[in-house]
Amino acid sequence: MLKKVEEDGIEFIRLQFIDIFGILKSINITPDELNEAFDGSLMFDGSSIDGYARINESDQCLVPDPGTFQIMPWRPAEKGVARMICDVYNTDDTPFEGCPRGNLKRVLKEAHDMGYEVNMGPEGEFFLFHTDDKGRPTFDIHDNAGYFDLSPVDYGEDARRDIVLTMKEMGFRIEASHHEVAPGQHEIDFKYDEALKTADKWTTFRDVVKNVAKKHDLYATFMPKPFTRENGSAMHFNQSLSKDGENIFYDETAKYQLSSVAMHYLGGLLQHAKGMTAITNPVINSYKRLRPGFEAPVSIAWSRSNRSALVRVPGKTGKSTRLELRHPDPVANPYLAFAVAIKSGLDGISRKIEPPEPVEGDVTCLSSKQTAEMDIENLPRDLYSALKAMEQDPLIKEAIGEHCHERFLEGKYAEWYEYDKQVHQWEIDAYLNKY
């Protein structure tokens, strides 16, 4: 890596990490400081990062993972810029408990100790908006195209193409890219990988999308639901377990061709769905997306086909057998979201949690009587309810660690109370002239 830095004329290295709430942070260093960084001697003020350290315990260290080294193709080739993703450590060389990446590593070690390798494959959705003459986003959508539409109706095709080419240059294997259902909405899917690598790639993906969109005078947002009457953006992620290179979710002789391991993993996902929702859907706007009629789940059920269920089993089986969790959205911290999902699935395997029968019809069309008879529960309807469910599920704290658990709840309750005390435009429109 050091040789590549010299050969490619890299002058700046961005050391990147994510705070508890999923916001990408970065410190720039020069190649002369790389050895110091690898030695764990590069300190920063953790008290200035949301959810990290208090002011009286603020010194923390960034330790870059050399396996994440990537040149940033959208930066100038001359005096180029590269990046590495970092783990956060305490000054005594112990891993920082509040590091989201470190917590995912811990959960993956649990899976490894059980004999499993975890693979993840997220689907990346986002919106493109126009910008003003100062480069700031406007609420002017980039096009009015629909699902799978082509240029010239799809105005975002050029930007999406450049995003894909940039990702390929950075080592991504792209499976598909297309215009999504809503106006100005796009989707890019990249090939699944080991869970930690996938979380790193998702972090890079969001960075690439925003920077390449900017070059096209556009603003890319991963906000879950910009428009009331249109579909929102999701981060569906497909999960599978392998052992000795073989997908152990597949069993040709079993019912639904899902192995007992897959069924128990599925049972764990459903069992802990309410508790994990605050992590997978972490902002107030997330719950505007989780409404009937917009291809987003509202009920805790699974299916082999329909997209209204929380967990779907895609039709392609064999080595491609996987479980698609459909409620996460793209503003979630990928390390924490993966950690709670994997921990839930492993709990299902350990406790042999059996899922209910699949619901093959549209779950949103079931009456309240039918859902009661089938014992189908709903996901939390707002962030406050999700935070309460998170507090009531001890497994979530186990998955993300006590530090992340406490700071996440503290920050998100504050966000909810700030929102809750505001008078919104809908209230003015509905009540001002009426009463």
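Me: What makes the pairing of D132 with R136 a salt bridge?
Reply: This is a predicted model, and in it the closest N and O atoms of D132 and R136 are 3.1 Å apart. The criterion is a side-chain nitrogen of Lys or Arg within 4 Å of a carboxyl oxygen of Asp or Glu. The pair therefore counts as a salt bridge. In general, side chains of opposite charge can pair when their charged atoms come close.

Me: Why are D132 and R136 called partly exposed?
Reply: The class lies between the limits of 20% and 50% relative accessible area. D132 has 25% and therefore falls in that class. R136, with 45%, is partly exposed as well.

Me: What makes D113 and K109 a salt bridge, and where do these two residues lie?
Reply: Their side chains meet at 3.0 Å, N to O, and the limit is 4 Å. Both residues belong to helix α3 (residues 100-113), where they are four residues apart, about one turn of the helix. An α-helix has 3.6 residues a turn, so residues three or four places apart point the same way.

Me: Are D113 and K109 buried or exposed?
Reply: A residue is exposed when its relative accessible area is over 50%. D113 is at 54% and therefore counts as exposed. K109 is exposed too, with 51%.

Me: How do you know that E324 and R326 are buried, and what links their side chains?
Reply: Buried means under 20% relative accessible area. E324 has 2% and is therefore buried; R326, at 1%, also counts as buried. The two side chains meet in a salt bridge of 3.4 Å, N to O. Elsewhere, salt bridges that share partners join D65, D87, R101, K105 and D200 into one network. The structure holds 22 salt bridges.

Me: Why is N281 said to be buried, and where does N281 lie?
Reply: N281 has 0% relative accessibility, and therefore counts as buried, the limit being 20%. Its place is the loop between α7 (273-280) and α8 (286-289). Beyond four places in sequence, N281 touches S286, Y287, R289, L290, H327, P328, D329 and L383.

Me: What makes the approach of N281 to H327 a polar contact?
Reply: A polar atom of the N281 side chain lies 2.5 Å from the backbone oxygen of H327. The distance limit for such a contact is 3.5 Å.

Me: How do you know that the buried residues of α11 line one face of the helix?
Reply: In helix α11 (residues 383-392), the residues L383, A386, L387, A389 and M390 are buried. Viewed down the axis of α11, the buried residues fall within an arc of 160°, and so they line one face. Their cover includes α7, α8 and α12 (394-420). At the start of α11, a side-chain oxygen of D382 comes to within 3.2 Å of the backbone nitrogen of Y384.

Me: Why is S344 classed as buried, and which residues does S344 contact?
Reply: S344 has a relative accessible area of 0% and is therefore buried. This residue is found in helix α9 (residues 334-351). Apart from neighbours within four places in sequence, S344 is in contact with G268, L269, H272, M276 and L395.

Me: Why is I27 called partly exposed?
Reply: I27 has a relative accessible area of 26% and is therefore partly exposed, since buried requires under 20%. I27 lies in strand β2 (residues 24-29). Leaving aside neighbours within four places in sequence, I27 contacts I13, R14, L15, F44 and L62.

Me: What is noted about phi at Q257 and at E295?
Reply: Most residues other than glycine have a negative phi. Phi of Q257 is near 60°, a positive value in a residue other than glycine. E295 likewise has a positive phi, near 55°. Q257 lies in the loop between β14 (246-247) and α6 (260-271), and E295 in the loop between α8 and β15 (299-303).

Me: Which residues form the nonpolar patch on the surface?
Reply: V423, I428 and L432 form the patch, with about 300 Å² of accessible area together. I428, in helix α13 (residues 425-431), has 35% relative accessibility and therefore counts as partly exposed.

Note on methods: Residues are numbered from 1 along each chain as its sequence is written. This is a predicted model: local features need pLDDT of at least 70, side-chain atom pairs count only at pLDDT 80 or more; totals for chains, interfaces and linings use all residues. Side-chain values use heavy atoms; hydrogens and water are left out. Buried means under 20% relative accessible area, exposed over 50%, partly exposed in between (1.4 Å probe, protein chains only). Contact means heavy atoms within 4.5 Å. A polar contact is a pair of N or O atoms within 3.5 Å; within protein, one must be able to donate a hydrogen and the other to accept it, and residues adjacent in sequence count only if both atoms are side-chain atoms. Patches are made of residues with over 30% relative accessible area and no salt bridge: like charges are joined within 9 Å, nonpolar side chains (Val, Leu, Ile, Met, Phe, Trp, Tyr) within 5 Å. Accessible areas come from the Shrake-Rupley method with a 1.4 Å probe; for residues, only the protein chains shown count as cover. The arc is that of the directions from the helix axis to the C-beta atoms.
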